Amino acid sequence: MKICQKISKLPNIFLMNPITSFNLIIALILLQSLSATSRLSILQRCGDDLSVSVADYGATGRGRRYDTVAIQSAIDNCASSAARHLRTCQVHFPPGNYLTATLYLKSGVVLDVSWNATILGGTRLQDYPEKQEKWYVVLAENASDVGITGGGEINGQGLEFVTRFDERKNVMVSWNRTGACSGDECRPRLVGFIDCQNVRIWNVSFNQPAYWCLHIVRCQNTSIHDTSIYGDFNTPNNDGIDIEDSNNTLITRCTIDTGDDAICPKTYNSPLQNLTATNCWIRTKSSAIKLGSASWYAFRGLLFDNITIFESHRGLALQIRDGVSEPSLDVCGDEGNVSDITFSNINISTRYYDELWWGRAEPIYITTCPRDSSSSAGSISNLRFINITATSENGVFLSGSEGGVLSNIKLHNVSLSYKRWTNYTGGLVDYRPGCQWLVNRSTAGLMMEHIDGLDLEDVKMRWAEENNNKQWNNPLDFLPSTVNNVSLLNFNTGLWQK
């Protein structure tokens, strides 16, 4: 059992034994360095760990008035202690509701949000920094050895940003009317780590983001595990985890239930490499796993394994849209290319919700095409789909383009069961964003275009009997002029035996 020792200003310390005196002298030096606003600070030592409580800095946790100043003081002083002692320091949140403007997480600090404690993000524009790119409830920049844990919750109060509730798609607040930003997605994100190293997030809930939930930007060595993310199912742009230009990322044992993309790697300024996501459960009104659509640089070495995707609008998706027309020499012509990606041991169910959301219930969706006239198509190669089971209302869509052919795509031990249980009638292919948008096309189990190298081994397709009168039992649909080097080994089709 750990015995914690509280260190505070005590009189006559030299009457104690030398060891205790020395420890208290060090503590006094630390306390004297604190600001006047943190005069209530108490540093706790639990074995080798350091911690402070936001309550000791004046945070009330009543959810009615802002606790920002008290919490930020606790974070700042904890960071100073972490730097002095060369170990991490925990900022503890006792049970309660802590209303706050943006909090700035510092190196060496872990937020310990205890069970029945909630950090509530403010809903006013003045609660966030002047620059839109820094609109987060919790933000860490250029920090190392940082994290969030404790079993509690960070809540963005996303429903407070709904101006009109709609079962198809909610209409959201946009602060562009204030002149603070442009576009219609001007809402704060929930938690962001930007240019950080050694990030760990575990045993915590992220709920009701007004915009993206967890944003990992240009970070190295990030671990996200035993974490739940919940966003309102009808709210647009409330992505679960967006990983941007970051390397060495591990996501495991997470539950994500949200309106928009659940796990979404993106590349804006540099390649993204070495991402692993395992043992997760996902439900979304958009794509469960989506690479892109921001795809200016390469994706390499990604693994998605042992994942359940439940009743999502789209299952496994690649939207590569942003290859550069004139690639620069310093990145080896690597813009927008995708290679060496594995999806394995995944159980998928997809259904059609509404045309306002991208997707048509495809279990697997791979596309590469120019977003607009300033882009060129990136390439996609060496994709492996192994041990995949899917029940869906639409077929698999594999679409390259003239400037971005799909190559070396392998489906091994894949079982695809097709039936329709909504009013979706089929006949449309969804290329959004950009490209051709919505295009009429006959529906098939596997729709293909612009492919050079497709290997189907132990692939089984089944159609529900009630779909026969709708003339949807065509296994393959492609033009031989754009699809080459297709190999079928033990490819089997038939009716779905209930």
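Predicted model: local features only at pLDDT ≥ 70, side-chain atom pairs only at ≥ 80, totals over all residues.
Partly exposed, as the word is used here, covers residues between buried, under 20% relative accessible area, and exposed, over 50%. Lys410 has a relative accessible area of 25%, so it counts as partly exposed.

The closest N and O atoms of Glu457 and Lys410 are 3.3 Å apart. Glu457 sits in strand E37 (residues 451-463) and Lys410 in strand E33 (residues 406-418), so this contact ties together parts that are 47 residues apart in sequence. Asp455 belongs to the picture too: salt bridges with shared partners join Lys410, Asp455 and Glu457 into one network.

Across the whole structure, a search finds 18 salt bridges. Among them is the pair of Arg283 and Asp257, with 3.0 Å between the closest N and O atoms. Because Arg283 lies in strand E23 (residues 272-284) and Asp257 in strand E21 (residues 255-258), the two tie together parts 26 residues apart in sequence. Asp257 has a relative accessible area of 15%, so it is buried.

Another salt bridge brings together the side chains of Lys290 and Asp261, at 2.8 Å from N to O. This one links distant parts of the chain, 29 residues apart: Lys290 is in strand E24 (residues 287-293), while Asp261 is in the loop between E21 and strand E22 (263-266). Both Lys290 and Asp261 are buried.

The peptide bond joining Gly292 and Ser293 is cis, with omega about 0°. A cis bond also runs from Arg432 to Pro433, where omega is near 5°. Pro433 is placed in the loop between strand E34 (428-430) and strand E35 (438-440).

Next come some positive phi angles. Gln208, which is not a glycine, has a phi of about 50°, and its place is the loop between strand E16 (197-207) and strand E17 (214-217). Asn485 has a positive phi near 60° and is found in strand E39 (residues 483-495). Is each of them buried or exposed? Gln208 is buried, with a relative accessible area of 13%, whereas Asn485 is exposed, at 57%.

Finally, turn to helix H2 (residues 68-85). Its 18 residues should span 26 Å at 1.5 Å a residue, and its end C-alpha atoms are 26 Å apart, so expectation and model agree. Of those 18 residues, 13 are buried, leaving H2 mostly covered. Leu86 follows the helix, with a positive phi near 55°.

Definitions and conventions: Residues numbered from 1 in each chain as written. Heavy atoms only, no water. Salt bridge = Lys/Arg side-chain N within 4 Å of Asp/Glu carboxyl O. Helix = DSSP H or I, 4+ residues; strand = E, 2+ residues; numbered from the N terminus. Buried < 20%, exposed > 50% of the residue type's maximum accessible area, 1.4 Å probe, protein only. Expected span 1.5 Å × (residues − 1).
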